[in-house]
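What does the fold of this protein look like, and how do its parts pack together? The report below goes from the whole chain to the contacts between its elements.

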Amino acid sequence: IMGFTDLSIVGSDTAADMAYDIGDILAERLSKELKYETNEYNTDGFTNTAMFFEEVICKSGSVFMSNDNLQDIADKVIEYLEAIIKKIQDDKDSYSDPDEFIRRYKQMNKCIKKWLNESRG
């Protein structure tokens, strides 16, 4: 008798454990990235982490949803995104295309919030 429910990461305990461990590795690296400060030529660590969440973690289905460390980082990133959106709205003259920046930050925020809500069920 097989000891797994199906051939998916969440259907196998050992595959799910592996994904959790990889999620911890990602969380450790993303935590370091959050500390990266920006300059006029690069995005800051929070923006880099938000982009990674949107383009990788949010598209990974349920693979990393049970990882508390990633959920904690998502909370921090959401808080940052909401603050930067407000900052841009309050100081549009400092941005070359403020509406585009606001649109992208809102898009990332929506994606990460959705992932986080699904993760916490």
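## Overall picture

Of the 121 residues in the protein, 36% are buried, where buried means under 20% relative accessible area, exposed over 50% and partly exposed in between, with a 1.4 Å probe and protein chains only. The model is predicted, so local features need pLDDT of at least 70 and side-chain atom pairs count only at pLDDT 80 or more, while totals for chains, interfaces and linings use all residues. Residues are numbered from 1 along each chain as its sequence is written, and side-chain values use heavy atoms, with hydrogens and water left out.

The protein has four helices and zero strands, and from the N terminus on its elements run α-α-α-α; helices (H or I, at least four residues) and strands (E, at least two) are DSSP runs, numbered from the N terminus. The C-alpha trace spans about 65 × 25 × 20 Å along its principal axes.

## Helix α4 and its partners

Helix α4, residues 98-120, has 23 residues and reaches 32 Å from its first C-alpha to its last, close to the 33 Å expected at 1.5 Å a residue, the expected span being 1.5 Å times one less than the number of residues. Its buried residues, among them I102, Y105, M108, I112 and W115, pack against α2 (45-57) and α3 (68-90). Just after α4, G121 takes a positive phi of about 55°.

## Two helix pairs

The table sets out two packed pairs, with axes as lines fitted to C-alpha atoms, for helices over the stretch in contact, and angles running from 0 to 180 degrees between N-to-C directions.

| Pair | Angle | Axes |
|---|---|---|
| α2 and α4 | about 60° | 9 Å apart |
| α1 and α3 | roughly 30° | within 8 Å |

The angle between α2 and α4 makes α2 oblique to α4, whereas α1 and α3 are roughly parallel to each other, because angles under 35 degrees count as roughly parallel, over 145 as roughly antiparallel, 65 to 115 as roughly perpendicular and the rest as oblique.

The contact of α1 with α3 (heavy atoms within 4.5 Å) includes Y20, L26 and L30 of α1 and L70, I73 and V77 of α3. Its residues divide into eight nonpolar, three polar and three charged, with Ala, Val, Leu, Ile, Met, Phe, Trp, Tyr, Cys and Pro counted as nonpolar, Asp, Glu, Lys and Arg as charged, and the others, Gly among them, as polar.
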